[in-house]
Amino acid sequence: MLLCRLLPCASAIKLDRMLVTGIECEEDVAMIARAAVSLGKSLRKTVVAEGVENQAQFDFLRYQGCDEFQGYLLSRPGWVSLACKPEKI
């Protein structure tokens, strides 16, 4: 929490995959994730969830107000060289 105060210029709060894994079946994990999303929204930050692997996790986090999502549900990891390759004209 102190980190949120020391870095006011940060534009986003990222939920680690540890706060996402089990969110759909473990009430304690869900409560912590819910509080983290609420904190981010209260600070007017973009909330990004990392490690979203199934629809239940996505639905829960979207309902809580999470703004952005990363994980296998949305796309598999790719090669950086392919993403950064310049377009041929």
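Among contacts in the protein chain between residues at least 6 apart in sequence, 51% join residues at least 24 apart, where contact means heavy atoms within 4.5 Å. This is a predicted model, in which local features need pLDDT of at least 70, side-chain atom pairs count only at pLDDT 80 or more, and totals for chains, interfaces and linings use all residues. Residues are numbered from 1 along each chain as its sequence is written, and side-chain values use heavy atoms, with hydrogens and water left out.

Let's start with the overall layout. The protein chain has four helices and three strands, arranged along the sequence as α-β-α-β-α-β-α. Helices (H or I, at least four residues) and strands (E, at least two) are DSSP runs, numbered from the N terminus. Of the 89 residues, 26% count as buried; buried means under 20% relative accessible area, exposed over 50%, and partly exposed in between (1.4 Å probe, protein chains only). The accessible surface of the chain comes to about 6,800 Å², with 59% of that belonging to carbon and sulfur atoms; such areas come from the Shrake-Rupley method with a 1.4 Å probe, and for residues only the protein chains shown count as cover.

Now to a pair of helices. The axes of H2 (27-42) and helix H3 (residues 55-64) come within 9 Å and cross at roughly 40°. Axes here are lines fitted to C-alpha atoms, for helices over the stretch in contact, and angles run from 0 to 180 degrees between N-to-C directions. H2 is therefore oblique to H3, since angles under 35 degrees count as roughly parallel, over 145 as roughly antiparallel, 65 to 115 as roughly perpendicular and the rest as oblique. On the H2 side the contact is made by Ala 30, Ala 33, Arg 34 and Val 37, and on the H3 side by Phe 60, Leu 61 and Gln 64.

Arg 44 has a positive phi of about 60° although it is not a glycine. What is Gly 51 in contact with, leaving aside its neighbours within four places in sequence? The partners of Gly 51 are Arg 17, Val 20, Gln 57, Gln 70 and Gly 71. The C-alpha atoms of Gly 51 and Phe 69 are separated by 8.0 Å, with the two residues 18 apart along the chain.
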